[in-house]
Amino acid sequence: MNGTINIVPGAVGDEVQKLSKLIETFQNLSDTYMKTNQKLETWNSPNKVALEQRIEASKPAFNEAVDVITSYKDVAGKSVALVAEAERQIREKLMA
């Protein structure tokens, strides 16, 4: 290795787009969950309590996944911006 970091802004930007789509998917799943949960309120079945407990138990992991994906997206987006700014500064100095 020569001690340089090779970041390809376009590739990172593609990853940001993918992560944005994943976040949107998670948000849609969350909306679906809320609608399903509302329907469960009127459902009468011996399995209802067990299902509600499983749904509640899954919430923390679901929320953590959304947080992790969002943080990756934020870091990737900031990395693209920093690389673009560094390239701009290098161009300015080379043209000076």
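Predicted model: local features only at pLDDT ≥ 70, side-chain atom pairs only at ≥ 80, totals over all residues.
Reader: Does L51 count as buried, partly exposed or exposed, and why?

Author: Buried would require under 20% relative accessible area and exposed over 50%. L51 has a relative accessibility of 33%, so the residue counts as partly exposed.

Reader: Which residues does L51 touch, not counting those up to four places away in sequence?

Author: L40 lies 11 residues from L51 along the chain, and the C-alpha atoms of the two are separated by 9.2 Å. Leaving out residues up to four places away in sequence, L51 touches L40 and W43.

Reader: What span does α2 reach from its first C-alpha to its last?

Author: Helix α2 covers residues 48-95, which is 48 residues. At 1.5 Å a residue, 70 Å is expected. The span reached is close to that, at 69 Å.

Reader: Where in α2 does a kink lie?

Author: The proline P60 belongs to the stretch in question, and the kink comes shortly before P60. The bend is about 35° and lies at K59.

Reader: Which residues of α2 are buried?

Author: Of the 96 residues of the protein chain, 12% count as buried. In α2, the buried residues are K48, I55, I69, A76 and V83.

Reader: What is the volume of the largest pocket, and which residues line the pocket?

Author: The volume of the largest pocket is about 170 Å³. Its lining consists of L29, S30, Y33, M34, I55, S58, K59, F62 and N63.

Reader: Which element gives the largest share of that lining?

Author: Two elements give two or more residues to the lining of the largest pocket, α1 (9-40) and α2. The largest share is five residues, and it comes from α2.

Reader: How do the residues of the lining divide into nonpolar, polar and charged?

Author: The division for the largest pocket is five nonpolar, three polar and one charged.

Conventions
Residues numbered from 1 in each chain as written. Heavy atoms only, no water. Helix = DSSP H or I, 4+ residues; strand = E, 2+ residues; numbered from the N terminus. Expected span 1.5 Å × (residues − 1). Bend = angle between axes of the 7 residues up to and from the residue. Buried < 20%, exposed > 50% of the residue type's maximum accessible area, 1.4 Å probe, protein only. 1 Å grid on protein atoms, 1.4 Å probe; cavity = no way out; pocket = protein on both sides within 12 Å on 5 of 7 lines; lining within 4 Å. Points joined across faces, edges and corners; volume = space filled by probe spheres on them. Nonpolar A, V, L, I, M, F, W, Y, C, P; charged D, E, K, R; others polar. Contact = heavy atoms within 4.5 Å.
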